[in-house]
Amino acid sequence: LFLPKSKPSFSPVQKNKVIDSIPAEHLSLSGLDQKRSFINIVLPLILIANAEVNARREAINRAYLQHDRLSLDRWAGLYKIKSEGLDDQAVLKVLLKRADEVPVPMALAQAAIESGWGTSRFANEGNALFGQWAWQRDAGIKPLEARDERVVVRSFDDLLDSVRAYMHNLNTHRNYEDFRSKRAKMHDKPATSKTKALVQHLDGYAEIGEAYVTKVLDVIRSNDFGKFAGTKLE
């Protein structure tokens, strides 16, 4: 089903085939079988979310070419950009820096780490694959141990929404400005060459900083996730 292609393509039919939550049988697996199950669950979600971001990118470019400032401002609002005082070209430049896809191997590795390969309480009770924090009690699940009593791990209606939120976080939060700058410079480079360079800018994702970068790279390498770098939905 998942083959490297020059251009991404996906349909609502394929989208409807994704799994909304971790199935009970996944938890009964172990070792390589559980890892394969996890990849089969999460890889399609990542590909769909990236395809949606690329569709937004195309819509942003169309709005610019059509001199549709209203749409550009709406996109700017979604991506947390203050567009007032910026001309269309300046808004376009900042938007394209933010509306871009996340390397598939990196997303897979982070999901594996943050969800314990789909076995964590947060993944199973709250469809949370990436351990994103929130500060409203009704927004998620309270960790058993947390430095801040207000912190919860954000919950989602389904797994795909978790992936979408993860990508939007990388594409908007100030902690990942360096990630976005590096990605913009490498936009036209082959997918296989981007992952390692971009993972270097994930030190702000977890409290362990640079050790987190090493951890992500180790998971990518030990599980051969690099082979998914150019994968697109067929």
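Does Arg180 count as buried or exposed, and at what relative accessibility? Please set that residue in the context of the rest of the protein.

A: Arg180 counts as buried, at 1% relative accessibility. Buried here means under 20% relative accessible area, exposed means over 50%, and partly exposed is in between, with a 1.4 Å probe and protein chains only. Before going on, a word on the ground rules: this is a predicted model, where local features need pLDDT of at least 70 and side-chain atom pairs count only at pLDDT 80 or more, while totals for chains, interfaces and linings use all residues. Residues are numbered from 1 along each chain as its sequence is written, and side-chain values use heavy atoms, with hydrogens and water left out.

So who does Arg180 pair with? Its side chain meets that of Glu177 in a salt bridge, 3.1 Å from N to O. The rule for a salt bridge is a side-chain nitrogen of Lys or Arg within 4 Å of a carboxyl oxygen of Asp or Glu. Side chains of opposite charge can pair when their charged atoms come close. Both partners sit in helix 9, residues 177–185, three residues apart, which is about one turn of the helix. (Helices are DSSP runs of H or I with at least four residues, strands are runs of E with at least two, and both are numbered from the N terminus.) Glu177 counts as partly exposed, because its relative accessibility is 30%, whereas Arg180 is buried.

In helix 8, Arg164 and Asp161 are three residues apart, separated by about one helical turn, and their side chains meet at 2.8 Å, N to O. Arg164 is partly exposed at 27% relative accessibility, and Asp161 is partly exposed too, at 25%. Over in helix 11, Asp218 and Arg221 are again three residues apart, about one helical turn, and their closest N and O atoms are 2.3 Å apart. Asp218 is partly exposed with a relative accessible area of 33%, while Arg221 counts as exposed at 58%. Salt bridges that share partners also join Glu52, Asp161 and Arg164 into one network.

Now step back to the whole protein. It has eleven helices and five strands, and buried residues make up 46% of its 234 residues. The accessible surface comes to about 12,800 Å² (Shrake-Rupley method, 1.4 Å probe; for residues, only the protein chains shown count as cover), and carbon and sulfur atoms account for 50% of that surface. Of the contacts (heavy atoms within 4.5 Å) with a separation of 6 or more, 61% are between residues 24 or more positions apart.

Take Phe225: leaving aside its neighbours within four places in sequence, it is in contact with Ile39, Pro105, Leu108, Ala109, Trp117, Val219 and Ile220.

Found in helix 4, residues 69–78, Ala76 is buried with a relative accessible area of 0%. Beyond its neighbours within four places in sequence, Ala76 is in contact with Ile81, Ser83, Val91 and Leu95. With Leu95, 19 residues away along the chain, the C-alpha separation is 6.6 Å.

Finally, Arg180 is buried, and a couple of polar residues share that label. Asn54, in helix 3, is buried at 15% relative accessibility, and a polar contact of 2.8 Å joins its side chain to that of Glu101. A polar contact is a pair of N or O atoms within 3.5 Å; within protein, one must be able to donate a hydrogen and the other to accept it, and residues adjacent in sequence count only if both atoms are side-chain atoms. Thr231, in strand 5 (residues 231–233), is buried at 4%, and a polar atom of its side chain lies 3.0 Å from the backbone oxygen of Phe228.
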